[in-house]
Amino acid sequence: MGSIGSIDVQELAISKYHDALRERTTCAEVVVAYLARISRYNNRLKALITVNKNALDVARQRDRETEALLQQHKNDHAFPPLHGVPIILKDTYSTIDMPTTSGVKALHSLQTKADAFVVTKLRRAGAIILGKANLHELSLEGVTVSSLGGQTRNPYDLSRTPGGSSGGTAAALAANLALVGCGGDTMNSLRSPASACSVVGFRPTRGQISRSGIIPVTETQDVAGPMARTVQDVRVLFDVMKGEDEGNEATVGCRRDATERDSGTGGGCKRIGVLRSFFAEDGDPEGSIVNQTVLEALDKAKANMQVELVTLSPQSAHWDIPTLISMADTQAYEFRSVFDSFLQSPLIASTPHESLDSIVASGEYHQEAVTPVLHRTLQKDGPYTMQSPEYESRLATIAALERSVEDCFEGHQLDALVYPHQRQLVAPIGSMVQPRRNGILAALTGRPAICLPAGFSPQTASAPVGVPIGLELMGKPWHDDDLLDIAEQFERIIQGRRQPELHI
């Protein structure tokens, strides 16, 4: 199911879609096809919290625009970059025409007066907001279960989670319920579900994309970013999403030095550091499957593209994930402050709660799904504030880490690092945590990182095509386009994505 008229929406890419529009396929036909797939599969997958009741009307308006554009541009048939593109948003992106909930039952009726800055850009570029995706409660973990949306299931193995926290977006894209999507990333949240669902998740350099109007977790680590089934579609979405926003200080000036910052390293051989300390240890059965899949993907890349793989010893790159989590992660120190600021901001039209304390007092949240971050950030006395010496110590640790990573890149003359996104297969349903992920390195240093499909674990009864395994590339700050170039080359050689077999 997925074919409509002359076009099949399964594995549809933006360029192919726009070609079909020129051949008189309509946006309305494509939206109807996606809505039919949502109706058929979402009750079981629980990928979406809200479907936009206006999506079909917007599609018909885009069809009228298509006719005008084709008449106006008879030679080049130019479309806006996201013209008619059905897109899924993580339900942290403010939308004036749908509630914005962060997956929390207590916020089921929260309405904003305007779209998030990035959502405005998406609509202006022609996008059709198809719906809002489920996420892990308050974006605080990686298995995508929420009090409002329930447990999202992995389309490749319904007994497993889809990663998270942006797991609803990833599951929807994997199952072809939309063309592209948007997620958020505080520690792993774009790349974890990309790894688990055989899609592409891109965490851009912090400051490339505005976070204004997006429900936050931290000031230091949060980014918004694109998700899709291909790197090319991620790039199209990223080009629309990025840019300065005077309301988000981190983005101001990012265009000014764009030529210098993302001048590119040109063609030629790329030097990629293989971060062996981020692979699973020997003797771990699931970890061995992950290691083998990623190493086989790297062998393909080495044999078929201009790339030099430089194996980094643990001594040359000694970033220990548990230590970084315990000594540098800022979530518990910043969460309450930034979250309450959002709830109390002029953007809010109506909300049943104006503070995190009020939500917790209501009991209308998934108490088993939240992490210790929630309880620590609510402590009135103690270290978990942005005024404490402990918080300053974490910022100093992050600054030292940034220098260490920069020294590694310069010392080995690297264009990127590569490693598995996580050292085990995605967690089963029932688990409330997704351990052994490697995303914190990019999250703390603000560097761009992209996770793309590397392959699959062996097939099982519950996973007819296997469980997806993701490969992550981390690049240089502000050289996001360079990293996307490298990722496209890897994707072309590895060809690691397969469709799920949806027997629902």
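The protein chain contains 16 helices and 17 strands. Its radius of gyration is 21 Å, close to the 23 Å that the globule rule gives for 504 residues, so the chain is as compact as a globular protein of that length. The model is a predicted one. Along the principal axes, the C-alpha trace spans about 60 × 60 × 55 Å. Burial was computed for the 504 residues of the chain, and 60% of them count as buried. The accessible surface amounts to about 18,600 Å². Carbon and sulfur atoms account for 48% of that surface. Contacts were also examined by sequence separation. Among those between residues at least 6 apart in sequence, 76% join residues at least 24 apart.

One helix pair was examined in detail. Two packed helices are described by the angle between their axes and the distance between the axes. Helix H4 covers residues 117-124, and helix H7 covers residues 231-241. Their axes come within 9 Å and cross at roughly 115°. The crossing is right-handed. On the H4 side, the contact is made by Val118, Lys121 and Leu122. Their counterparts in H7 are Leu237, Val240 and Met241. By class, the residues of this contact comprise 5 nonpolar, no polar and 1 charged.

Helix H7 is largely enclosed by the rest of the structure, because 9 of its 11 residues are buried. The buried set includes Leu237, Val240 and Met241, the H7 residues that meet H4. Val231, Val234, Val236 and Phe238 are also among the buried residues of H7. Two further members of the set are Asp233 and Arg235. After H7 comes Gly243, with a positive phi near 130°.

Ala125 lies in the loop between H4 and strand E6, which spans 128-133. The relative accessibility of Ala125 is 8%; the cut-off for burial is under 20%. Ala125 therefore counts as buried. Leaving aside residues up to four places away in sequence, Ala125 touches Pro80, Pro81, Leu82, His83 and Val240. Val240 belongs to H7 and also takes part in the contact with H4. Ala125 and Met241 are 116 residues apart along the chain, and their C-alpha atoms are separated by 9.5 Å. Met241 is another H7 residue in the contact with H4.

Definitions and conventions. Residues are numbered from 1 along each chain as its sequence is written. This is a predicted model: local features need pLDDT of at least 70, side-chain atom pairs count only at pLDDT 80 or more; totals for chains, interfaces and linings use all residues. Side-chain values use heavy atoms; hydrogens and water are left out. Axes are lines fitted to C-alpha atoms, for helices over the stretch in contact, and angles run from 0 to 180 degrees between N-to-C directions. Helices (H or I, at least four residues) and strands (E, at least two) are DSSP runs, numbered from the N terminus. A crossing is left-handed if the near helix is turned anticlockwise from the far one by less than a right angle, and right-handed if clockwise. Contact means heavy atoms within 4.5 Å. Ala, Val, Leu, Ile, Met, Phe, Trp, Tyr, Cys and Pro count as nonpolar, Asp, Glu, Lys and Arg as charged, and the others, Gly among them, as polar. The radius of gyration is taken over C-alpha atoms; the globule rule is 2.2 Å times the number of residues to the power 0.38. Buried means under 20% relative accessible area, exposed over 50%, partly exposed in between (1.4 Å probe, protein chains only). Accessible areas come from the Shrake-Rupley method with a 1.4 Å probe; for residues, only the protein chains shown count as cover.
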